[in-house]
Amino acid sequence: MKLYTISGLGADEKVLEKLTFNPEIEVVHIPWLIPEENEDFHHYVNRMANTIDHSEPFYLLGYSFGGIIVQEIHKLKPAKRIVILGSIRCDAEKSKLILAGQKTNAVKYIPLRVFNGNTTLFYSFFRKLFDPKNPKLTQYFRVKDPYYLKWSMDKITKWKFDKLPDVIQILADKDIVFPIKNSKPDFVIENATHLFPVTKSKEVSDILKTIFV
């Protein structure tokens with residue numbers, strides 16, 4: 001059985017590489033595409049979904065923003081099972097920060113240069129959100145195209161979605177990107193931040209092995 005995975009905003013497959021699965025699972029990572037200029041979100045989701053061969057059953061796994069993308073893909077190409085890590089199942093689960101961005105359309109007014117992945121300002125912000133005590137944090141975020149980063153953050157703030165009953169949600173208890181208080185996750189990773197697929201990989205892997213069989 002193939003398991004298609006999508007990582008978090010700005011991250012490549014390295015952020016998920018510590019996760020292990022049952023030997024019958026063939027993991028296929030879908031890399032981030034750079035959005036076309038003014039690309040519609042659903043058009044982008046369709047392009048991300050092109051990798052998936054839905055002529056046979058498959059699984060979906062998404063982390064953070066990737067969790068949002070796989071749920072959108074699931075509507076186009078239904079998976080046998082779908083798991084989201086450190087992500088939300090509907091817009092009602094958004095944090096106050098994201099809701100404020102949605103209300104004010106703040107991302108639109110932030111200069112593109114702020115999203116330069118090489119700037120101290122950008123990574124300082126990400127460190128505070130993801131795991132401020134992890135000195136190796138930046139090694140996981142290697143998709144640095146400024147337009148992609150700004151476009152993605154804008155889509156996260158504007159995302160509207162009704163909860164799907166078959167989505168399995170795994171959250172960390174100390175996640176400030178998608179706070180656990182706003183959700184009712186199926187599994188909780190204790191004493192962990194948003195970066196839990198890296199820092200709590202064994203615990204997460206043990207859960208995933210019971211889901212993806």
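Visitor: What does the side chain of S95 do at the start of helix α3?
Guide: In this predicted model, helix α3 covers residues 96-104, and at its start a side-chain oxygen of S95 reaches to within 3.2 Å of the backbone nitrogen of I98.

Visitor: And which residue follows α3?
Guide: That residue is N105, and its phi is positive, near 55°.

Visitor: Let us change topic to the aromatic rings. How many aromatic pairs are there?
Guide: The structure holds eight aromatic pairs. One of them joins W32 and F65: the ring centres are 5.2 Å apart and the planes lie at 10°, so this pair is stacked.

Visitor: Where do W32 and F65 sit along the chain?
Guide: W32 belongs to the loop between β2 (26-29) and α1 (41-49), whereas F65 belongs to helix α2 (residues 65-76). The pair therefore ties together parts that are 33 residues apart in sequence.

Visitor: Are W32 and F65 buried or exposed?
Guide: Both W32 and F65 are buried.

Visitor: What about Y44 and W151, how are their planes arranged?
Guide: Y44 and W151 form a tilted aromatic pair, with 50° between the planes and 4.6 Å from centre to centre. Y44 lies in helix α1 and W151 in helix α6 (residues 146-158), so this pair ties together parts that are 107 residues apart in sequence. Both Y44 and W151 are buried.

Visitor: Which residues form an aromatic cluster?
Guide: F21, Y59 and F212 form one aromatic cluster.

Visitor: Back to the helices, then. At what angle do α1 and α2 pack?
Guide: The angle is about 85°, and the axes of α1 and α2 are 9 Å apart. An angle from 65 to 115 degrees counts as roughly perpendicular, and α1 and α2 are therefore roughly perpendicular to each other.

Visitor: Which residues make that contact?
Guide: From α1, the residues are F41, H42, Y44, V45, N46, M48 and A49. From α2, they are F65, I68, I69, E72, I73 and L76.

Visitor: How many of them are nonpolar, polar or charged?
Guide: The contact of α1 with α2 has 10 nonpolar residues, two polar and one charged.

Visitor: One more topic: where is S201?
Guide: S201 is placed in helix α8, which covers residues 201-211.

Visitor: Why is S201 called buried?
Guide: The relative accessible area of S201 is 14%. Buried means under 20% relative accessible area, so S201 is buried.

Visitor: Which residues is S201 in contact with, leaving aside neighbours within four places in sequence?
Guide: With those neighbours left aside, S201 is in contact with K18, L19 and F196.

Notes
Residues numbered from 1 in each chain as written. Predicted model: local features only at pLDDT ≥ 70, side-chain atom pairs only at ≥ 80, totals over all residues. Heavy atoms only, no water. Phe/Tyr/Trp six-rings, centres within 6.5 Å; stacked < 30°, edge-to-face > 60°. Helix = DSSP H or I, 4+ residues; strand = E, 2+ residues; numbered from the N terminus. Buried < 20%, exposed > 50% of the residue type's maximum accessible area, 1.4 Å probe, protein only. Polar contact = N/O pair within 3.5 Å; in protein donor to acceptor, adjacent residues only side chain to side chain. Axes fitted to C-alpha atoms, helices over the stretch in contact; angles between N-to-C directions. Parallel < 35°, antiparallel > 145°, perpendicular 65-115°, else oblique. Contact = heavy atoms within 4.5 Å. Nonpolar A, V, L, I, M, F, W, Y, C, P; charged D, E, K, R; others polar.
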